[in-house]
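Have a look at it, then read on.

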Amino acid sequence: MSLPMLSILLLISFAGALALILWPGVPCPETSKRFSLVTLAAQLLWSCALLIPFDGHLAGMQLQEQASWLGSLGLDYRLGLDGLALSLVLINGILSLVAAAVSSTGTPRPRLYFALLLIISAAVNGAFLAENTLLFFLFYELELIPLWLLIAIWGGRNRAYAATKFLIFTAVSGVLILVAFLGLALASGDLDFSILPDQARQLGLGTQLALMAALVVGFGIKIPLFPFHSWLPDAHTEASTPISVLLAGVLLKLGTYGLLRFCLGLFPDAWALMSPYLAGWAAVSVLFGSLAAIAQTDMKRMVAYSSVGHMGYVLLATAAATPVSLLGALFQMIAHGLISGLMFLLVGVVYSATGTRDLTVLRGLMNPQRGLPLTGSLMVLAVMASAGIPGMAGFVAEFMIFRGSLLTFPLATLLSMVGSGLTAVYFLLLVNRVFFGRLAVTPVRPDSPTHNVLLPAVPLIHQLPAMALALVVFVVGLWPQGLADLAVGSTTALSTLPQQMALAGRPGEAAG
Amino acid sequence: MTLANDPLSPSGTSPEALIEALLAGETLLAESPNHVLQVVGVLQSYGDVLDAYSNNLIYQGEHQFLNLFPIYRYLDGRVTPGRLWKHLIHDRINFEYAEYCQKAMLWHGTGGLDAYLDSAAFLTTCERVIALKRRRDPILALLHPLFPEFIVEQIRSITTIHALGQFWRVMSDLFLDLAAAWRRGQVGSIAAVVAFIRDGLVAAAANPITYSVEVGGETIRILPPEARLTFLADVAVPYVEAVFLRGMPFLGTVSFNAQAWAIPHDQEQFRYGALFADPLPVMGAGIPPSLLMQDMFRHLPEELHDWYRSQGRGDGDVHVKICMSFQKSMFCVTNAAIAGTFPHPLDSSDPGQAEANRAYAEAWVGRLMGARLDALPACGG
């Protein structure tokens, strides 16, 4: 019997969380942090070990595991791995470790905090690996409560408001997704709940459209896409730095993963029919996110709105559904995870050093001796990566998306390119205001005296996670083939689903 | 209190308070043990640096005269692979700052030295120098007819270099003597520091500033004794004007847009000198004060270095702290210069003399408004 590698991957963090909760006595904060770091490092190593048996050029699921669970409900424990899932498992492994590494040991109730962090990481992996829609839904919901607690307990001043808003939005998202999954099973009369494109083809196109619409809105809330985005800036603003890193880097990817895996994967015909409208929606979301980011005066809200814009690219690429655009969508998920994670880390450093994220207050943090020069330099790198400067991950992703979508949806793609240009606008505004000029952390007025600000120095070791992320941004940017080799089989298979379905017969024929 | 958040214009630095302090013979810089440590310590390191600057400028004046490509001018005539390597990796004194000061003096051009550089006597000397030099130097022979002002301007420049070297020779010795006196316990307050510098300036005030070079076997007196140029009036005061007060705007320290008149059209209105410089941008790449702070850092006395380590980010922001201390010490030097140049004794009972002194003090304080007066109070050490 082969080693159940995927179950072991899930087990590592779930068992770690359980062990931390059942730890005899009260572990000191350092012990809790160290334990979770070791657990997440083991999870990342095991995720990397998945690369050994995995063949990226194969289209289907690999390393599949199956166990009967609640067969009467159609809920089977079925895990599988394709290039899409593996890439996201890897990014989850990296960012979970980074989030734990930058978590403070001064956090109140550290045992609970780190246990919740481990649960989220394992649940997200579970969602990426699930080969059963109900199992996916379970994992999808499982990360919701720990994240809500992490915002509600360890968040900022308005954490109750932000956490409740997050809970309501994502609960609605969950309900819509569950309705779609159940609706698919009930309408097709098959309680298998496996991820099978053939299943939806037994339904009429109207039913497919209705079910897919529920899924698109459900995942659109999670991504988030305009106009379902309003929970995200609030959640980011109130969440602590590590949680923002996870939220932006990993949890939003559940939404985009859902678009590819379930919306496109389960309803290829309906998706193809709706794709022009989805591309238009993507362009609106990109432009709205970018323009809203320009108007922000809080660094975190600006990065949050940039996420709304950048996630719009994924919708555009998925709508186009060409081999190149889908590979670009995956690159964008990875690139955005790395870059936004890096940005939230750096904003966190700025906030802890200055006590503010206000763009009207911060000035000149690049000051070489009394400012945060390394943080500023890394932020410039992150901004360049986000704006799509060649040599970094963002460029590869955006180039592939635009190249892959341009011929299919020229207007939407061109409008999204404008959004890419706007990225440079708002992030250069951020860098210019916060990092250039004379060092100041008070509003600068001509009649007010200037102050010789002395910010606390940030030890190099605290900057290591951000430096590591910046390095990965370069690696992906300079060697995109590595990631492409992992996922090209899966994304190409997804892109050819409509053709495969067409070859198999027209929609509704089987039902008819 | 830490060095953080020092206000720029704290109470007690109003123009009236400064005028009264000057007229009462009090110091601009507040009395405090930390101030004494900073001022004496930083002046000691400055004295060491000025010693090297002075030696180099005088060397340039004597041995690089009309050398149009003086690529080894910082090596004081001792060009070895080891010294060249140290020069390239900046394991050396940054003589670029000395050149920056010299260029500021030449460009702002105030006082007796500048007046002499524009005189007919000086131009006659230049003609003689050029006539002698072009016999042996074909490049000069070619350049001079094409650009008649070029060689003359070169001579003005090297003359200023030599004069600044002479000025700094005196100042270096004065600052090192001050540190020695402090170690002997003879100087223990800011007032004593200012008095020491004032006495040193007054003692050297009448020192002649002269400059001679040998060209074609003939000794040419570029600044002859007959010009009656003296240390205080003709070099020290123009130096204060050019380097302490006016300075030059340079990218990185001051954000400016010359086309939008962000820089005054009239260079007399310039306020970019050492007393106005913002310590925070220190250590930006290529900024002249950064070079000076690095030079002083390499010569810091141990007592002051220990104190810096206990403040702020320790060695992490030491250049900023040196710059702040340097500014305090420059206020003391300015204070001494003002005290030594009042038109009449401060204790004069003649109302006319008192009025003249007040007008003199007001004029100086007017110049100092807008300077980094936050350096003056005792807060921030």
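## A buried alanine in chain B

A residue is called buried if 20 or more other C-beta atoms lie within 10 Å of its own. Keep in mind as you go that this is a predicted model. So is B:Ala336 buried or exposed? With 22 C-beta neighbours inside 10 Å, B:Ala336 clears that cut-off, so B:Ala336 counts as buried.

B:Ala336 sits in helix H13 of chain B. Setting aside neighbours within four places in sequence, its contacts are B:Val194, B:Ile197, B:Arg198 and B:Leu201. B:Glu303, on the other hand, is 33 residues away from B:Ala336 along the chain, and the two C-alpha atoms are separated by 25 Å.

Which residues make the contact? From H2(B) come B:His35, B:Gln38, B:Val39, B:Val42, B:Leu43 and B:Tyr46. H13(B) brings B:Ile322, B:Ser325, B:Phe326, B:Lys328, B:Ser329 and B:Cys332. Sorted by class, the contact has seven nonpolar, four polar and one charged residues.

## The nonpolar core

In soluble globular proteins, nonpolar side chains tend to be buried together. Here, the largest nonpolar core has 297 residues. Those with the most contacts inside it include A:Cys263, A:Leu316, A:Leu342 and B:Leu178. Helix H14 (residues 323-354) of chain A gives the most to this core, with 19 residues.

Let's zoom in on A:Leu316. Leaving out neighbours within four places in sequence, A:Leu316 is in contact with A:Ala279, A:Ala282, A:Ala283, A:Ile401, A:Ser405, A:Ala412, A:Thr413 and A:Ser416.

## A valine in helix H3

A:Val98 belongs to helix H3 (residues 83-101) of chain A. Because 27 other C-beta atoms lie within 10 Å, A:Val98 is buried. Not counting residues up to four places away in sequence, A:Val98 touches A:Val245, A:Gly341, A:Pro465 and A:Leu469.

Most residues other than glycine have a negative phi, and most peptide bonds are trans. The peptide bond from A:Ile223 to A:Pro224 is cis, with omega near -10 degrees. Another cis bond joins A:Phe226 and A:Pro227, where omega is about 10 degrees. A:Pro224 is in the loop between helix H9 (205-222) and helix H10 (231-238) of chain A, and A:Pro227 is in the loop between H9 and H10 too.

Then there's phi. A:Arg109 isn't a glycine, but has a positive phi of about 50 degrees; A:Ala321, not a glycine either, has a positive phi of about 50 degrees. A:Arg109 is in the loop between H3 and helix H4 (110-129) of chain A, while A:Ala321 is in the loop between helix H13 (299-320) and H14 of chain A. A:Arg109 has 13 C-beta neighbours inside 10 Å, so A:Arg109 counts as partly exposed. A:Ala321 has 25, so A:Ala321 counts as buried.

## How confident is the model?

Chain A averages a pLDDT of 90, and 95% of the residues score at least 70. Over residues 507-512 of chain A, though, pLDDT stays under 50. The model has eleven contacts beyond four places in sequence for residues 507-512 of chain A.

Technical notes:
Residues numbered from 1 in each chain as written. Chains lettered and ligands numbered in written order. Predicted model: local features only at pLDDT ≥ 70, side-chain atom pairs only at ≥ 80, totals over all residues. Core = buried A, V, L, I, M, F, W, Y, C linked by C-beta atoms within 7 Å. Buried ≥ 20, exposed ≤ 12 C-beta atoms within 10 Å, placed from the backbone. Helix = DSSP H or I, 4+ residues; strand = E, 2+ residues; numbered from the N terminus. Contact = placed C-beta atoms within 7 Å. Nonpolar A, V, L, I, M, F, W, Y, C, P; charged D, E, K, R; others polar. pLDDT = per-residue confidence, 0-100.
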